[in-house]
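Thanks for coming, everyone. Please bring up the sequence and the structure, and I will walk you through them.

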Amino acid sequence: MKGYFGPYGGQYVPEILMPALEELEKAYEEVSRDEAFWAEYRKLLEDYAGRPTPLYFAKRLSEKYGAKIYLKREDLLHTGAHKINNAIGQVLLALRMGKRRVIAETGAGQHGVATATAAALFGLECVVYMGEEDMNRQRPNVERMRLLGAKVVPVSSGSKTLKDAINEALRDWITNLPTTYYVLGSVVGPHPYPTIVRDFQKIIGEETKHQILEKEGRLPDYVIACVGGGSNAAGMFYTFIDSGVKLVGVEAGGKGLETGEHAASLLRGKVGYLHGSKTYVLQDEWGQVRTTHSVSAGLDYSGVGPEHAYWKETGKVFYDAVTDEEALDAFLELSRYEGIIPALESAHALAYLRKIEDLDGKIVVVNLSGRGDKDLASVLSHPRVRERIS
Amino acid sequence: MRKGFIAYIPAGFPDLETTEKILLSLNGLGITGVEIGVPFSDPVADGPVIQIAHKVALENGVNLDKILEMVSKLKVDYDLYLMSYLNPILNYPAGKEILIRRLREIGIKGLIVPDLPLREVENVEIDFPLVPFVAPNTRESDLERIRRVSAPFVYYISRYGVTGEKEDLPFVDHMKMVKERLRLPLFVGFGISKREQVEKVWEVADGVIVGSLLVRIISETSRKEVAAKVKEKVKELIGDHS
């Protein structure tokens, strides 16, 4: 069915948004066939954002785990994470549609920074909605967005995190439809967003496949990525679906799945309707969306992209979770073993290395979706880290 | 001339007992009906005033069963509709079929689901009268779709935006066109808070829906006086000077 991944997805939004989604779908269909559009997108990603990103063989980490571990270095991109791939793509689409005002939601602030950056690049007005709680824990990114000329609007409703920022961005869009393009930052929301965002991120997996074949002459045994909304994972996995590679999506286990304080929508959620999509949602018995917990703001989300729900159901991807503490350990480990400070989100994917039992001699690719500069304050204030740095 | 009037009253704001008093106070005014608002954690179509009502109700532990329990004992002389976002309906603990049976028993006349657009209706299979929405930008093909459904009324969203008090009334011509195209009663909501807007709507459509204004009055008034205040405001809006 159009707009669905198996039974998941759809367009569960107020009627007033339907014509806007239709307009977006039509515009995206047009650019899909337009080689000039994709040439411009690729050129910007190369010259401005820094693609292709390296597939780096992590020697010391590999020795430690007895495997061949490769890191896909999305952290080296301009603005520090994979989010720029999608922001540039969607801002180009906004320009095609004649919109001069873009809005975005942001959790960790990476998508907000990426959108503010792309908007500055083309001289567009930019408004970013961000939960108050997230503004506190990701202060440097707030300042970055402001420097780039974006207006950052604090969201104080609900849990004051990503889910509420999406609500507020949708409300803005409903109010300003004719002038405004909504740059959604993950593979969530109503159709066609999950498809658009995945398409603008799938370059990650395409490059990785090419690079690993060049370096190893074969596909990897494992590809691992973290999953909040799921855009870096979708971008990494898409090319490898049905290729025989074991794909692992790692959700935020927070304080432990048994505590209820986590953000593992696929593992502990129930099928429901949130932000325009039928997907897995963390909710209570009355269908109220639950607040989530994760040390990582970028994974702290009650829903998940509908295509991930489909991949879970069909077994195309295996999903698991790691806790805050496991992610913090992996954060320190990569810093000390490879001289790379990862984003806390990406640290969840790295932490999964310890959970693979038959790692010996295997080729593993971990998507290093972002760098950790933004997380220093929250990581350094965590007792588990404090006691281990001199 | 006196036409239709529907009030939106959020259930459990500030508490269910007060909601019941407000609903009873609206007897005898000759209004068309009341939309009872089921609280939801993520009311994406609502502005700040109604968002707070949802939040307070949830903090009070209000849920669909408690609301239906209250409503089932209620004696009112107007129609009752239930307004709820999709997830609490489809994830009703006992299953949506049981919920629908319950709604029929109680005599609820229709469901208003703000995050269920026409094109997804067939994908969720809710065997109960659903109130379709029409907006100033609704496509012709969707108006055709509405002509084929049976519903107690059609909800016309009067502007681009979320719920909240406004003074103007844009899109009157479009409203008129939609009214001529559809056979169902047309009720206009979103931003209606003034007697003058009510009169203007009554010239072209069948009635108004008023929410945020009443919710604001509920939030600003003591529990003791709130039912009388809401009634007074409704009388003012419908031009009842008795």
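This is a predicted model: local features need pLDDT of at least 70, side-chain atom pairs count only at pLDDT 80 or more; totals for chains, interfaces and linings use all residues.

Phi of B:Phe171 is near 65 degrees, a positive value in a residue other than glycine. Is B:Phe171 buried, partly exposed or exposed? Its relative accessible area is 32%, so B:Phe171 is partly exposed.

A:His275 is not a glycine, yet its phi is about 50 degrees. Find A:His275 in the loop between β11 (270–274) and β12 (276–281) of chain A. A:His275 counts as buried, because its relative accessibility is 7% and the cut-off for buried is under 20%.

Now the cis peptide bonds. In chain A, look at the bond from A:His191 to A:Pro192: it is cis, with omega near 10 degrees. A:Pro192 belongs to the loop between β8 (180–182) and α9 (193–201) of chain A. In chain B, the bond from B:Phe13 to B:Pro14 is cis as well, with omega near 0 degrees. B:Pro14 is in the loop between β1 (4–10) and α1 (16–25) of chain B.

Next, how the chains meet. How many residues does the contact take from chain B and from chain A? Chain B gives 41 residues and chain A gives 34 residues. The size of an interface is often given as the accessible area lost when the parts come together. Here, chain B and chain A bury about 3200 Å² between them. Of that area, 54% is on carbon and sulfur atoms.

On to polar pairs. The interface of chain B and chain A holds 22 residue pairs in polar contact, both residues at pLDDT 80 or more. Which elements of chain B give two or more residues to the side that touches chain A? They are α2 (48–59), α3 (64–72), α4 (86–90) and α6 (121–124) of chain B. The most comes from α4(B), with four residues. By class, that side of chain B has 23 nonpolar, nine polar and nine charged residues.

There are also three salt bridges across this interface. In one of them, A:Glu22 pairs with B:Arg139, with the closest N and O atoms 3.0 Å apart. In another, the side chains of A:Lys163 and B:Asp42 meet at 2.9 Å, N to O. A:Lys163 lies in helix α8 of chain A and B:Asp42 in the loop between β2 (33–37) and α2 of chain B, so this pair joins two chains. Both A:Lys163 and B:Asp42 are buried.

Step back to the whole structure: a search over all chains finds 54 salt bridges. One of these is A:Arg101 with A:Asp172, where the closest N and O atoms are 2.8 Å apart. A:Arg101 is in strand β5 (residues 101–106) and A:Asp172 in helix α8 (residues 162–175), both of chain A, so the pair ties together parts that are 71 residues apart in sequence. Both partners, A:Arg101 and A:Asp172, are buried.

For contrast, look within one helix. B:Arg147 forms a salt bridge with B:Glu144, the closest N and O atoms being 3.8 Å apart. The two are three residues apart in helix α7 (residues 140–147) of chain B, so about one helical turn separates them. B:Arg147 is partly exposed, at 32% relative accessibility. B:Glu144 is partly exposed too, at 34%. Salt bridges that share partners also join A:Glu22, B:Arg119, B:Arg139, B:Asp142 and B:Arg145 into one network.

Now the nonpolar cores. Which residues touch the most other members of the largest core? Of its 162 residues, they are A:Leu93, A:Trp173, B:Val34, B:Ile126, B:Tyr155 and B:Val230. Take B:Ile126: leaving out residues up to four places away in sequence, it touches B:Leu86, B:Ile89, B:Leu90, B:Ile100, B:Leu111 and B:Leu116. A second, separate core has 28 residues, among them A:Ala58, A:Tyr222, A:Ala252 and A:Leu334.

Last stop, B:Thr221. Look in the loop between α10 (212–220) and α11 (223–238) of chain B. B:Thr221 counts as buried, at 16% relative accessibility. Its side chain reaches the backbone oxygen of B:Ile217 at 2.5 Å. Beyond its neighbours within four places in sequence, B:Thr221 is in contact with B:Val226 and B:Lys229.

Note on methods:
Residues are numbered from 1 along each chain as its sequence is written. Chains are lettered from A and ligands numbered from 1 in the order in which they are written. Side-chain values use heavy atoms; hydrogens and water are left out. Contact means heavy atoms within 4.5 Å. Buried area is the accessible area (1.4 Å probe) that two parts lose on being put together, summed over both. A salt bridge is a side-chain nitrogen of Lys or Arg within 4 Å of a carboxyl oxygen of Asp or Glu. A polar contact is a pair of N or O atoms within 3.5 Å; within protein, one must be able to donate a hydrogen and the other to accept it, and residues adjacent in sequence count only if both atoms are side-chain atoms. Ala, Val, Leu, Ile, Met, Phe, Trp, Tyr, Cys and Pro count as nonpolar, Asp, Glu, Lys and Arg as charged, and the others, Gly among them, as polar. A nonpolar core is a set of buried Ala, Val, Leu, Ile, Met, Phe, Trp, Tyr and Cys residues joined through side-chain atoms within 4.5 Å. Buried means under 20% relative accessible area, exposed over 50%, partly exposed in between (1.4 Å probe, protein chains only).
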